[in-house]
Amino acid sequence: MSLVSLEFVVFVILTTTVYYIVPKRFRWVELLISSVYFYCAGWSNKKAFVTLLAVSLFTFIAARQIENSREELRKRKLYLSVSVVAIVGWLMLTKTVGEGKFYFLVVPIGVSYISFSLISYLADVYWEKDIADKNFLKFFLYVLFFPKITQGPITRHKDFAPLLYDGGDLSYENICFGAQRMLYGYFKKLVVADRAAVFTDAVFGDVAAHSGSLLVTGTVLAAFELYCDFSGYMDIVLGFTQMLGISMDENFRRPFYSKSAAEFWRRWHITLGTWFKDYVYTPIVMSHSVKKLGKWGRKNVSKRFGNSVMKILALAAVWFLTGAWHGISINYIMWGVMWGFLIIISVVFEEEITRATKILHVNTEAASWKLYQMARTFLIFCFGIMLTRVHSIHEIKEIAYNVLKQFRIWEICDGTIYGYGLDKGDFKVMLFGLLIIFVVESIQEKKGKGVRQYIAELNAPVRWIIYAIAVSIVIFLGIYGEGYSTADFAYQYF
Amino acid sequence: MEEKVLDILAELNEDIPAYDGDSLFDAGLLDSLQAVDLVSELEDAFDIDIDAKYVVEENFKTKEAIISLVKMILGENKTK
């Protein structure tokens, strides 16, 4: 079941209504039934559901074993290692071998998100930060909870499971704000992302045939497309869970306001970044061998050298794995190496960069400097997007050639740009959509207050007029296919 | 001991000792990369080993939390 379908809207209304009719202690059962229905009805491969059930049961038992052997460190370590290796192995097989090679190997939708959730659960139980679930059906709900299963956010069991099992409370604010956020998500996805996708698919479908100006436009639009697609999905699911009175982790915090690569990754796909920080970066940097190496470096070379070596090793591993998580292909490995390289450089040469800005008398507090930093980060992000959209390394060369030798800037103004599935009206609607998103995010960034709170303070008639306009925009300006269904979300295939 | 921790924090970022808020991370005074420097400094200064399981945001959110962590590990070492 696509989140962008009439079927899903009906499903949300029914689930929410039944959720609040059922007594609070049984609400988790209703969510489990809804999640099973969503998974089985939505994705026709029933073998995937059975696989998911088996992996969940395996993790449930492994966590119980880890907890029950608290006094026997070696046994606990063994349970943790075997279970984590098994889950990683399962993830790797689905990513590399793919479906159909073995009978048992099917790829459940959202496999990467599920694997990471399960690994963090096992590690937290091992580190005694979390308690193993005693009820398998509740645990299966945690794994299968439908708003998060296809694209995250990657929740932590210790924080999220209690909210899910206890159930939320009905409140006007939750229903109203949740529905508004869902609407905003649909706006991002249907009005902006799916419109931009028409153009970017055409341009990246054959890069050699397009001028530099169209390729640059396509790359910038691909960046906005991915942001509106992924964050739009998050708005839809976070809005829905808010309607249920359950709060789920945020995955975006206005990433295009980032002034550095490191800051960007604290604002973009936040739950993936914090997962890597907690379960890869920290364990590596705090491992005895890396600490020993750091200590040796601090003693024999310099304090800075010792600390930098520790960080470089951990960051290199994190970014290699981040690339591989997105896909075992040369595109994503290059993409991961690019981000890792930039972040490592900024960490290692932090002192020199600060010194250089002082020598050059750069006013780092000036708005123009901050604007430059934001633009630079956005351009890096665009370059990364380009790496993931091309089909081969040869295409990167073709793009570089066309940008440098065949730029043909007039093609943006002479109507050529309207020959790729989007007419002038579509471009205007898309730019209008981006403007709305920019205004909303500027208010959030500068005032620290959401637009929904401003709307809530208005008189009822004005509020309802705004709601009616918003719904109309999504219905009339959204891009729909047959039966009001639309393109899949980009991140659900990771 | 507390003074020594505050000196280390001041060396890392001179604004940390004066900070009285809820989170050094939210205030932009500390991040996960600087936390590595901090852990190394604390380990060298107090001759302790800070296990990975203690390197979580809660233990580094405020200067009081950092002091409590060092105290706890020093106490653990004594009882061993």
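**From one loop to the core**

A: With a relative accessible area of 54%, A:Ile131 is exposed (buried is under 20% relative accessible area, exposed over 50%, partly exposed in between, with a 1.4 Å probe and protein chains only). The model is predicted: local features need pLDDT of at least 70 and side-chain atom pairs count only at pLDDT 80 or more, while totals for chains, interfaces and linings use all residues. Residues are numbered from 1 along each chain as its sequence is written, chains are lettered from A and ligands numbered from 1 in the order in which they are written, and side-chain values use heavy atoms, with hydrogens and water left out.

A:Ile131 belongs to the loop between helix 5 and helix 6 of chain A (helices are DSSP runs of H or I, at least four residues, numbered from the N terminus). What does A:Ile131 contact, leaving aside its neighbours within four places in sequence? The partners are A:Glu67, A:Tyr121, A:Val125 and A:His157 (contact means heavy atoms within 4.5 Å).

Most residues other than glycine have a negative phi, and most peptide bonds are trans. A:Glu128 is partly exposed, at 45% relative accessibility.

Two further backbone features lie in other loops. A:Arg408 also has a positive phi, near 45°, and is not glycine. It lies in the loop between helix 18 (393-405) and helix 19 (424-447) of chain A, partly exposed at 26% relative accessible area. A:Gly152 and A:Pro153 are joined by a cis peptide bond, with omega about 10°. A:Pro153 is in the loop between helix 7 (146-149) and helix 8 (157-166) of chain A.

Now back to helix 5. The axes of helix 5 (residues 111-126) and helix 12 (residues 270-285) of chain A come within 11 Å and cross at roughly 35° (axes are lines fitted to C-alpha atoms, for helices over the stretch in contact, with angles from 0 to 180 degrees between N-to-C directions). The crossing of these two helices is left-handed (the near helix is turned anticlockwise from the far one by less than a right angle). From helix 5 come A:Phe116, A:Ile119, A:Ser120, A:Ala123 and A:Asp124. They meet A:Leu272, A:Trp275, A:Phe276 and A:Tyr279 of helix 12.

A:Ser115 is also in helix 5. It is buried, at 0% relative accessible area. Not counting residues up to four places away in sequence, A:Ser115 touches A:Ile87, A:Trp90 and A:Leu91.

In chain B, the charged end of B:Lys4 sits over the ring of B:Phe46, 5.0 Å from its centre.

Aromatic pairs come next. The structure holds 49 of them over all chains (rings of Phe, Tyr and Trp, the last by its six-membered ring, pair if their centres lie within 6.5 Å; planes under 30 degrees apart are stacked, over 60 edge-to-face, the rest tilted). A:Phe60 and A:Phe139 have ring centres 6.0 Å apart and planes at 40°, so this pair is tilted. A:Phe60 lies in helix 3 (residues 46-68) and A:Phe139 in helix 6 (residues 136-144) of chain A, so the pair ties together parts 79 residues apart in sequence. A:Phe60 is buried at 11% relative accessible area, and A:Phe139 is buried at 0%. A:Phe264 and A:Trp265 have centres 5.7 Å apart and planes at 80°, so that pair is edge-to-face. Both A:Phe264 and A:Trp265 are buried.

Last, the core. The largest nonpolar core has 161 residues (a nonpolar core is a set of buried Ala, Val, Leu, Ile, Met, Phe, Trp, Tyr and Cys residues joined through side-chain atoms within 4.5 Å). Helix 10 (residues 212-243) of chain A gives the most to this core, with 16 residues. Among the residues with the most contacts inside it are A:Phe381, A:Trp268, B:Leu42 and B:Ile50. Beyond four places in sequence, A:Phe381 is in contact with A:Ala223, A:Leu226, A:Phe256, A:Phe264, A:Trp268 and A:Trp339.

Methods. A charge sits over a ring if NZ of Lys or CZ of Arg is within 6 Å of the ring centre and within 35 degrees of the ring normal.
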